[in-house]
Amino acid sequence: MAEGDNNSVYQLASETAGLEEQLQGWGEVILLTDKVLRWERAWFPLALMSVVSFAFLMIYYLDPSVLSGVSCFVMFLCLADYLVPALAPRIFGSNKWTTEQQQRFHEICSNLVKSRRRIVGWWKRLFALKEEKPKMYFMTMLFTLAVVAWIGQQVHNLFLTYLIVSFFLLFPGLNQHGIITKYIGMAKREINKLLKHKEKKNE
């Protein structure tokens, strides 16, 4: 293995260990959330969507201003950050972790670090594109933002947010159970059929 690869692996391990230490108080909550998001029980998707739907219905009913909504959300995060580490050990008994739980917690933290690295990598590539091909960067950004703006005009803000949040929360379970892979495979087969059919017509 090259020296650069060794440094990368070491840095990943170091970042993962640091994140594990930061999230230790949230360990049991994270493991429980992970089980729900990966649909370890058949009723988890229904429960998840029920909670999300109820939360968005309350927002729709109360119709808070942007400032009030952001303030309440940040206040909720502050309360959770204070209460969860204090109450979680008493509720879940975090001192009784099994080796399997510790391993899964390590995997989750490692995946979070890798995801953060991917996002930073995409961000750097975007700025690299801006430096190397400014016209392509400008046209791509203009087209993408125009499409997003058009979608925002066609769909209600709250409903669009509900769809986005629902997709992100359901994605781990869809991926875990192979549903996404299944439909991507079906789409590829249909595209291949269309291409073959077009080739035959051209012949």
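How are helix 2 and helix 5 oriented to each other? In this predicted model, the two helices pack at an angle of about 80 degrees. Angles of 65 to 115 degrees count as roughly perpendicular, so helix 2 and helix 5 are roughly perpendicular to each other. Their axes lie 10 Å apart. Helix 2 covers residues 27-37, and helix 5 covers residues 99-132.

The contact between these helices involves named residues on both sides. Helix 2 contributes G27, E28, I30, L31 and D34. Helix 5 contributes Q101, R104, F105 and I108. By class, the contact of helix 2 with helix 5 holds four nonpolar, two polar and three charged residues.

Helix 5 also packs against helix 6, which spans residues 134-154. Here the angle is about 125 degrees, and the axes are 5 Å apart. Helix 5 and helix 6 are therefore oblique to each other. On the helix 5 side, the contact is made by L126, L129, K130, E131 and E132. On the helix 6 side, P134, M136, Y137 and M141 take part. Six residues of the contact of helix 5 with helix 6 are nonpolar, three are charged and none is polar.

R116 also belongs to helix 5. With a relative accessibility of 44%, R116 counts as partly exposed. R116 and A55 are separated by 61 residues in sequence. In space, their C-alpha atoms are 27 Å apart.

An unreviewed UniProt entry places the feature "transmembrane region" at residues 42-62, 68-88, 136-153 and 159-180. Two of these spans are described here. In the model, residues 42-62 are 90% helix and 0% strand. The end C-alpha atoms of residues 42-62 lie 32 Å apart. Residues 136-153 are 100% helix and 0% strand. For residues 136-153, the distance between the end C-alpha atoms is 26 Å.

The cysteines were examined next. A disulfide requires a pair of cysteine sulfur atoms within 2.5 Å. By this rule the count of disulfides is zero. C72 is in no disulfide, and the nearest cysteine sulfur, that of C78, is 12 Å away. Is C72 buried or exposed, or in between? C72 has 45% relative accessibility and therefore counts as partly exposed. C109, by contrast, has a relative accessible area of 1% and is buried.

Definitions and conventions. Residues are numbered from 1 along each chain as its sequence is written. This is a predicted model: local features need pLDDT of at least 70, side-chain atom pairs count only at pLDDT 80 or more; totals for chains, interfaces and linings use all residues. Side-chain values use heavy atoms; hydrogens and water are left out. Buried means under 20% relative accessible area, exposed over 50%, partly exposed in between (1.4 Å probe, protein chains only). Helices (H or I, at least four residues) and strands (E, at least two) are DSSP runs, numbered from the N terminus. Axes are lines fitted to C-alpha atoms, for helices over the stretch in contact, and angles run from 0 to 180 degrees between N-to-C directions. Angles under 35 degrees count as roughly parallel, over 145 as roughly antiparallel, 65 to 115 as roughly perpendicular and the rest as oblique. Contact means heavy atoms within 4.5 Å. Ala, Val, Leu, Ile, Met, Phe, Trp, Tyr, Cys and Pro count as nonpolar, Asp, Glu, Lys and Arg as charged, and the others, Gly among them, as polar. UniProt positions are given in the numbering used here, feature names are shortened, and annotations may be inferred rather than shown by experiment.
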